[in-house]
Amino acid sequence: MSDAIAAANPAPGLETISIRKTFGSLVALDGISMKVRPGTLHALLGGNGAGKSTLVKCIMGYYRPDSGDIILGNKQIKTYKPRDAQALGIGMVYQHFTLVPNMTVAENLVLSRGNVPMRIDWKKEKADLRAFMRTTPFFIPIDSPVRMLAAGQKQKLEICKQLYLRNRVLFLDEPTSVLTPQEADEVLTMIKALTLKKELTVLMITHKFREVMKFADEVTVLRNGKFAGTGLVKDLTPTQMSAMMIGSETTRTAARGAKPRGELLLHLDGLHALDDIGLKALEDLHLNVHAGEIVGIAGVSGNGQNKLVEVLAGQRPASAGRINVHGERFGATRAEIRRHKVNCLPEEPLKNTCVGQMSVAENMALRNFDARPHSRLGFFLNAGAIKRSARDLIARYRVKTPSTDTPIRDLSGGNVQRAVLARELSDGVEVLIAANPCFGLDFAATAEIRAQIIEARNRGAAVLLISEDLDEVFELADRIVVMFHGKFVYETPAAEADIGIIGRHMAGHGEADVKHEVVKT
Amino acid sequence: MTSFLAEGSLGFWSVPLAMVGQALRVSAPYLYVSLGETLTEKSGRVNLGLQGTLIMGAMAGYAVSSRSGSALAGVLAAGVVGGLLGILHAFLCARPKVNDIAVGIALMIFGVGLASFLGRPYIKPERVPAMSPDISLGFWSANETVRANLQVNLMFVVGVALVPLIAWGLKNTRWGLILRSVGENADTARAMGYSINGVRLLATMAGGVLAGLGGAFLTLAMQGGWKDGLAPGTGLMAVALVIFARWKPLNCLWAALLFGGAGAIAPALQSVGLNEVKINLGFTQLRWGRYVFEMIPYLLTLGIMIFTSSGSRQMAGIPDELTRARWL
């Protein structure tokens, strides 16, 4: 089947017509129509949960759309499983690598073919592979174990594998998210060259405007499962694209007490940190958060926000710079956390800050089980006192749980969030770090959690809110800071914030505006 | 010196000779079990039950050959019983939320217990037919002791032949490549349309067959009879040996010979009259006798495990799927 496609160079185009996909009551895709012209690099833009991956997975056969058609070339196609897409010459490169690290490049490629002969003649296979490699722009040593390759080489091998399988239509799901900018440029330049030769038609999921502007021919934007716009990249500016991505419907709902901001509580002074593979993740962060103030950090996911939370929570060392709380150096030890009352509400709290199989009461006591009244002589736990405190918190924060002894992982997402929030807010928190606190919650739970955060602020806490949800930042923050590539690139009081300018900074296209702002003030 | 040798006495040289001879005579169970476990672990699963499989194979091999009068029938029966236990392990592990280590421990106890129960009538029957003529590797020597020490069983030769065959097959056949891909990255293998549980079932079954054959060797070639408490820990040590061998069949052979030879240290030392080592520490005197010598194989296992593990480094060669947390 793939031979026929290969013979029928050039690469075909791909079209979706009114694709609709629902998961229960959630409408993930609401009638998406888009057209990828043959031999082009088409970018699919959108925020988290916009439906980009869902759309691609519908075409690949991972999901079956509720309705709608998919046209490849000029034929309507049906894909029920990924193998069907593969047979039609449609391939996908995922965000994470799907290579087998302990096998060689040659073994990975032969294995991917599916029809491996019973006895493998490595001499012939390797000769074939070398000949094939010469027809591609890539140079990858075929005898090297994959684990020895750099990330950029691995991503090239993934693309190489698709060419080896003679796929002519490629989906790239954030192909550069694990690459350095230089590696990303190199890989995308090669892909672009293949589309120019009409050997490939590429649909690239991304949220990096830089790559769209530099490499894509066309762009389609999704927002909340709906079509939000399309056009030739040369006719569009990043500002127009970010407007399509973000929309304009932002509202401020939570009630807040107007209060002059208080003393300086949290101070970041030239903070640097490295990521897991030793690349710069945070660069020279300076920030002041005062009592009675919410500072919102906006940014597209993957620009260093989670690294910042990890450094603040003591889970990742800072490579330079310091964190001060109350003017004292803060290293997130248990003693310092308790003295300064610095609490943290990370994203996915069940995973990051709870012990799933321990009870609600025990989880609520994780901050203070070793202090009176929960502990006697600093050694014996007082189960009765722990349960009494938990009952009090459950009532005050309206946590829905069958009992204080229920394992916390049996609670719904919103109630885990409430339970953790209760723990983090109850002991007179002075500095609260909240990361995507409402991610994955329904409307009612979201409103309640946001109200609790505002209440903490009104009580005089300094709140650092790190959120990928721009609506949330606009709703809660007194001051907005935009984070891009591990740096704070823009800061503005929320009252004067302009969503267009913020969107441009989130996309890394804000330098001109920074100068503009400076001139204005 | 020549006359000395001709008399059949080798003096202290008999210790290393006995170790080599012992290694050739008793390493086959280690070899079969570790080759079997290598196959299973290459598919991304650990079967700790091979101790039970080994003992069941020993019992079944002896029972069938003493009833049928055919050693070959006993060996085949041991292989079939081993394969069935492998299938049982794979079947249980394929259930959701079942942990292979726990299943393995359960099957180890089950196998040993079941063999003890079913083997009761066979504890003292007549001698079974000899399995196969031994092959002499000592033909070059005129010395009786040397010749006696270098007799090897056909099953050992077959086991040694399996080593390059398995090593080659893992690298050069479709089955080998699929097996390794399942053990290295199950998601990738699944995306290519291979059945993870199917591949692991076959790998665990093959591992069971080999362990069962190793068991047959215990009763038919080595001990010449079935009794309870046969080869305690041999199967478990063979599983540990796979780690030491870095999942490489050729290393399994060396490790099996080393472990087999280590078992000969105690009797060989005694046979040359060394019954005790006295160490004077000044304030007290240590007297190390037979029991300390008999600990040597186990100390070797422990030492190897400590030596080859590291708190920070990941072990080279380990199939990636074995490194994923599978407890929840």
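Biologist: If buried means under 20% relative accessible area, exposed over 50% and partly exposed in between (1.4 Å probe, protein chains only), which residues of helix 2 of chain A are buried?

Modeller: This is a predicted model, where local features need pLDDT of at least 70 and side-chain atom pairs count only at 80 or more, while totals for chains, interfaces and linings use all residues. Residues are numbered from 1 along each chain as its sequence is written, chains are lettered from A and ligands numbered from 1 in written order, and side-chain values use heavy atoms, without hydrogens and water. The buried residues of that helix are A:K52, A:T54, A:L55, A:V56, A:C58, A:I59 and A:M60.

Biologist: How many is that out of the whole helix?

Modeller: Helix 2 of chain A, which spans residues 52-60, has seven of its nine residues buried, so it is mostly covered. Helices (H or I, at least four residues) and strands (E, at least two) are DSSP runs, numbered from the N terminus.

Biologist: And what comes just after helix 2 of chain A?

Modeller: There you find A:G61, which takes a positive phi of about 90 degrees.

Biologist: Zooming out, what does chain A contain overall?

Modeller: Chain A has 19 helices and 22 strands, and of its 521 residues, 52% are buried. Of the contacts (heavy atoms within 4.5 Å) in chain A with a separation of 6 or more, 68% are between residues 24 or more positions apart.

Biologist: Switching to chain B, how do helix 2 and helix 10 pack?

Modeller: Helix 2 of chain B (residues 14-42) and helix 10 of chain B (residues 196-223) have axes 7 Å apart, at an angle of about 170 degrees. That makes helix 2 of chain B roughly antiparallel to helix 10 of chain B, because angles over 145 degrees count that way, under 35 as roughly parallel, 65 to 115 as roughly perpendicular and the rest as oblique. Axes are lines fitted to C-alpha atoms, for helices over the stretch in contact, with angles from 0 to 180 degrees between N-to-C directions.

Biologist: Which residues make that contact?

Modeller: Helix 2 of chain B contributes residues including B:R25, B:P29, B:Y32 and B:L39, and among those from helix 10 of chain B are B:A203, B:L210, B:F217 and B:M222.

Biologist: What about helix 7 and helix 8 of chain B, at what angle do their axes cross?

Modeller: The axes of helix 7 of chain B (residues 154-172) and helix 8 of chain B (residues 174-184) come within 5 Å and cross at roughly 75 degrees, so the two are roughly perpendicular. Here B:G169, B:L170, B:K171 and B:N172 of helix 7 of chain B meet B:R174, B:G176, B:L177, B:L179 and B:R180 of helix 8 of chain B.
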